[in-house]
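Trainee: I have this one open in the viewer and would like to talk it through before I set anything up. Could you take me through it?

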Amino acid sequence: MSDRDRTSANGGMETSYGFRQVAEGEKQALVNDVFHKVAKRYDIMNDIMSAGLHRAWKDAMIAALNPRKEAAYRVLDVAGGTGDIAFRIVEASDRLAHATVLDINGSMLGVGADRAAKKGLSANLDFVEANAEELPFEANSFDAYTVAFGIRNVPRIDVALSEAYRVLKRGGRLLVLEFSEVEVPLLDRFYDAWSFKAIPQFGKMVTGEAEPYQYLVESIRKFPNQEDFAAMIRKAGFSRVNYTNYTGGIAALHSGWKL
């Protein structure tokens with residue numbers, strides 16, 4: 001197995017910092033440093049990495065979730081520091097739902113809280129600094145658990161999925177939007193070239209640093225493919241697990257239910 005090979009449903013992301021192997025327990029601090037560096041330009045970063053398509057993919061994710069228009073509807077958005085997904089959920093519920101934004105990175109949460117205040121959404125949102133592997137919430141607390149382009153940065157993905165299952169109410173839904181394995185011939189080659197040659201250079205032009213972007217594109221390449229990640233979700237206890245590819249598999253939306 002080469003350093004560029006994808007990890008499988010059996011794990012491997014916990015010691016993979018991009019293509020670099022690191023010691024158990026070392027990855028989280030390295031990832032934190034990446035997001036401290038890019039927090040203020042995170043949305044620009046997503047535009048660069050997806051050629052702007054992340055906005056359409058996120059809208060499709062919210063349409064799939066179809067949040068209830070009720071004040072009692074509670075969503076946990078993990079690794080969602082800047083609020084992108086949480087804002088969409090609250091707006092889709094006619095500003096009735098409540099979203100808890102959880103992120104391990106305080107810099108990202110600071111950006112999100114500022115944006116929420118400017119949008120007049122602060123009353124509908126909580127911002128919590130905590131680890132996805134150890135959620136500070138009681139079991140059966142949330143109607144939905146969402147994470148967009150963040151699960152691959154969690155060292156122990158299996159632990160995070162088990163925690164997602166624990167905090168969801170019976171009948172609750174997991175939705176994970178993540179970069180995945182391109183399944184369209186030729187598009188895969190183009191996307192690889194774009195990822196490894198262009199994105200770090202654009203990142204350096206925009207932020208002055210290429211290294212965070214190099215890690216991010218490598219982490220995409222290491223993340224389990226669609227079937228392997230679906231298997232991990234099933235192993236965590238979720239039912240009716242499926243996924244939908246977006247743009248030829250550049251991204252995929254995974255869904256599971258706690259039944």
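Mentor: Let us begin with a definition: helices, of at least four residues, and strands, of at least two, are DSSP runs numbered from the N terminus. Please also keep in mind throughout that this is a predicted model.

Trainee: Fine. How many helices and strands are there in the protein?

Mentor: The protein has nine helices and nine strands. Its radius of gyration is 17 Å, close to the 18 Å that the globule rule gives for 259 residues, so the protein is as compact as a globular protein of that length.

Trainee: And what does the C-alpha trace span along its principal axes?

Mentor: About 45 × 40 × 35 Å. As for burial, 53% of the 259 residues count as buried, and the accessible surface comes to about 11,000 Å², of which 51% belongs to carbon and sulfur atoms. Among contacts between residues at least 6 apart in sequence, 76% join residues at least 24 apart.

Trainee: Switching to charges: how many salt bridges does the count come to?

Mentor: The count comes to 13 salt bridges, where the rule asks for a side-chain nitrogen of Lys or Arg within 4 Å of a carboxyl oxygen of Asp or Glu. In one of them, Arg55 pairs with Asp47, and the closest N and O atoms are 2.7 Å apart. Arg55 is partly exposed, with a relative accessible area of 40%, and Asp47 is also partly exposed, at 23%.

Trainee: Which residue does Arg95 pair with?

Mentor: Arg95 forms a salt bridge with Glu91, with 2.9 Å between the closest N and O atoms. Both partners count as partly exposed, Arg95 at 38% relative accessibility and Glu91 at 38%.

Trainee: What about Arg115, and which parts does its pair tie together?

Mentor: Arg115 forms a salt bridge with Asp84, the closest N and O atoms being 3.5 Å apart. Since Arg115 lies in helix H5 (residues 106–119) and Asp84 in helix H4 (residues 84–92), the pair ties together parts that are 31 residues apart in sequence. Arg115 is partly exposed at 21% relative accessibility, whereas Asp84 counts as buried at 13%.

Trainee: Which residues are linked with those two in a network of salt bridges?

Mentor: The network of salt bridges links Lys58, Asp59 and Arg88 with Asp84 and Arg115.

Trainee: Now Lys258, which I might have to assign a charge state. Is it buried or exposed?

Mentor: Lys258, in the segment after strand E9 (251–257), is buried yet has no salt bridge. Side chains of opposite charge can pair when their charged atoms come close. For Lys258, however, the nearest side chain of opposite charge is Glu163, and that one is 9.9 Å away, against a salt-bridge cut-off of 4 Å.

Trainee: So what does the side chain of Lys258 reach instead?

Mentor: A polar contact of 3.0 Å joins the side chains of Lys258 and Asn140, and the side chain of Lys258 also reaches the backbone oxygen of Arg166 at 3.5 Å. Beyond four places in sequence, the residues that Lys258 touches include Tyr165, Leu168, Lys169, Arg170 and Phe238.

Trainee: Changing topic, where does Tyr213 lie?

Mentor: Tyr213 lies in helix H8 (residues 211–222) and counts as buried, at 0% relative accessibility. Leaving out residues up to four places away in sequence, Tyr213 touches Val38, Met45, Ile199, Pro200, Gly203 and Thr207. Gly203 is 10 residues from Tyr213 in sequence and 6.1 Å from it in space, C-alpha to C-alpha.

Trainee: Then the backbone. What is phi of Ala79, and what is phi of Phe149?

Mentor: Phi of Ala79 is near 60 degrees, which is a positive value in a residue other than glycine, and phi of Phe149 is likewise positive, near 55 degrees. Ala79 sits in the loop between strand E3 (74–78) and H4, while Phe149 sits in the loop between strand E6 (142–148) and helix H6 (157–167). In terms of cover, Ala79 is partly exposed, with a relative accessible area of 24%, whereas Phe149 counts as buried at 3%.

Trainee: Last one: which residues is Thr7 in contact with?

Mentor: Thr7, which lies in the segment before strand E1 (16–17), is buried at 5% relative accessibility. Leaving aside neighbours within four places in sequence, Thr7 is in contact with Gly12, Met13, Lys222, Phe223, Pro224 and Asp228.

Notes. Residues numbered from 1 in each chain as written. Predicted model: local features only at pLDDT ≥ 70, side-chain atom pairs only at ≥ 80, totals over all residues. Heavy atoms only, no water. Buried < 20%, exposed > 50% of the residue type's maximum accessible area, 1.4 Å probe, protein only. Lys, Arg positive; Asp, Glu negative; His and termini not counted. Polar contact = N/O pair within 3.5 Å; in protein donor to acceptor, adjacent residues only side chain to side chain. Contact = heavy atoms within 4.5 Å. Rg over C-alpha atoms; globule rule 2.2 N^0.38 Å. Areas by Shrake-Rupley, 256 points an atom, 1.4 Å probe, with all protein chains shown as cover.
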